[in-house]
Amino acid sequence: MKTIAVIASCDTKFQEVQYMQEILRAQDVKPLVVDMSIGPEKTNLADISREEVFEEENLKWSEIKSGTKGELMELMISAMKKKIYRLYEEGKIAGVIAAGGVQNTTVATQAMHELPIGFPKVMVTTIASGNKCFKEVVGYKDIVVFPSIVDFTGMNSVIGTILKNACISVAGMAKHADGQLVKPKKPVVGITMMGITNKGCMAAVRELERKGFEVWGFHATGAGGAVMEKLALEGKADGILDMTTHEIVSGYFEGGFSYGEYERLQYLRKGHMPVVVSVGGLDFIDYDIREFPYPLDQRKYNKHNERLAHIKLKEKEARRVAELFTDRLNAAGREVELILPTDGMRCDTRPGEALYDSSVDDTLLKVIEEKAGENVHIQYLKGNLDSEEWGIRAARYLAEKLDI
């Protein structure tokens, strides 16, 4: 029988935990309740008590229970991460589920972030609604999120329906899925892409698949590039075609749709798999037009939808983005293959098109050439990056380096 870890505050979610146990048992899986409570009340529902959880950090509840809520939260997060990973590593659990508000969600999802992609993870939470940052819940992992709809005040028909669906989901994944991502027999190539580079990237995907590779595409919108890098460093990929490095622009602006706290191109400093890097999307920033900090009437831009615009950089911004980009290439501590297009870094940037600005594109390429260190090998490929011909040539360039 499969076992599902239930991370729960046994002091405040007593009724909900009992109900989840009941539903999980009805699905022929065994619930293993792991207590994350930090309140003063004693609890007796857990299979793994908070005292046992804190032992992961060599802490005794009797000695720390007088700490502030913030202090206890930090200690619980650290201890729970270790406890859940230990249960996974020892093969004692086949999935994990949790339910609650901010405190429960923070502790539980931080623990879930330690688990590999493919391992069943489900979070029922009050914070999956409104204008809140989704990355705080899922991070860079495949956590299935159920909005709780109502707050946790004990059992009622709404929360019962949501919890039942969530428990059935995690039980089904644990019983019928593989449990984690397994590297295929074919060599794997990761490629970064966006809608604005999709034509070129999809041509590269097809060419790489024709040559016998399995290709994983990563949407370069704040999380995709980071996930690709993490998987590559875990040994899941044999090569990288980093065609779309747009997230670096958002990193420079510290905002925009593609902004993420992860600093792109870290994998060049830490990994050794064959890599080919390019400049897809380095010439623009995607931003909510209501929040963009500079006047739009002096800029070229495309409206992606009612709120989001693709805004061409100014020359000064292009210079700084190029410097940031090449600084990271130079810091790689290894040979870097860099391919550059002669006719635009995304769609809509050819002469006569909405985001065409040769001064910006030329500045980007010129600064990259000037600043690139000896470890950066630059190769120009004729044409626009978002064209089938360019994507095919980029794929062949990487395939030559892979030699698999």
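User: Which elements each supply at least two residues of the lining of the largest cavity?

Analyst: This is a predicted model. In it, β1 (3-8), α1 (14-26) and β3 (95-100) each give the lining at least two residues.

User: Which residues line the largest cavity?

Analyst: The lining consists of V6, I7, A8, K13, E16, V17, M20, A98 and A99.

User: OK, charged pairs now. How many salt bridges are there?

Analyst: The count is 25. One of them pairs the side chains of K121 and D142, with N to O at 2.5 Å.

User: Where do K121 and D142 lie?

Analyst: K121 is in strand β4 (residues 121-125), and D142 is in the loop between α6 (135-138) and β5 (144-147). The pair therefore ties together parts that are 21 residues apart in sequence.

User: Is K121 buried or exposed?

Analyst: K121 counts as buried, at 1% relative accessibility.

User: Which residue does K183 meet in a salt bridge?

Analyst: K183 meets D238, at 2.8 Å from N to O. The two sit in distant parts of the chain, 55 residues apart. K183 is in the loop between α7 (157-176) and β6 (188-193), while D238 is in the loop between α9 (224-233) and β8 (239-244).

User: What is the relative accessible area of K183?

Analyst: It is 31%, so K183 is partly exposed. D238 is partly exposed as well, with 22%.

User: Which residue forms a salt bridge with E323?

Analyst: That is R320, and the closest N and O atoms are 2.6 Å apart. Both are in helix α12 (residues 315-330), and because they are three residues apart, about one helical turn separates them.

User: Is E323 buried or exposed?

Analyst: E323 is buried, with a relative accessible area of 18%; the cut-off for buried is under 20%. R320 counts as partly exposed, at 38% relative accessibility.

User: Last one: which residues do salt bridges that share partners join into one network?

Analyst: The network is made up of E56, K83, R86, E90 and K92.

Conventions
Residues numbered from 1 in each chain as written. Predicted model: local features only at pLDDT ≥ 70, side-chain atom pairs only at ≥ 80, totals over all residues. Heavy atoms only, no water. Salt bridge = Lys/Arg side-chain N within 4 Å of Asp/Glu carboxyl O. Helix = DSSP H or I, 4+ residues; strand = E, 2+ residues; numbered from the N terminus. Buried < 20%, exposed > 50% of the residue type's maximum accessible area, 1.4 Å probe, protein only. 1 Å grid on protein atoms, 1.4 Å probe; cavity = no way out; pocket = protein on both sides within 12 Å on 5 of 7 lines; lining within 4 Å.
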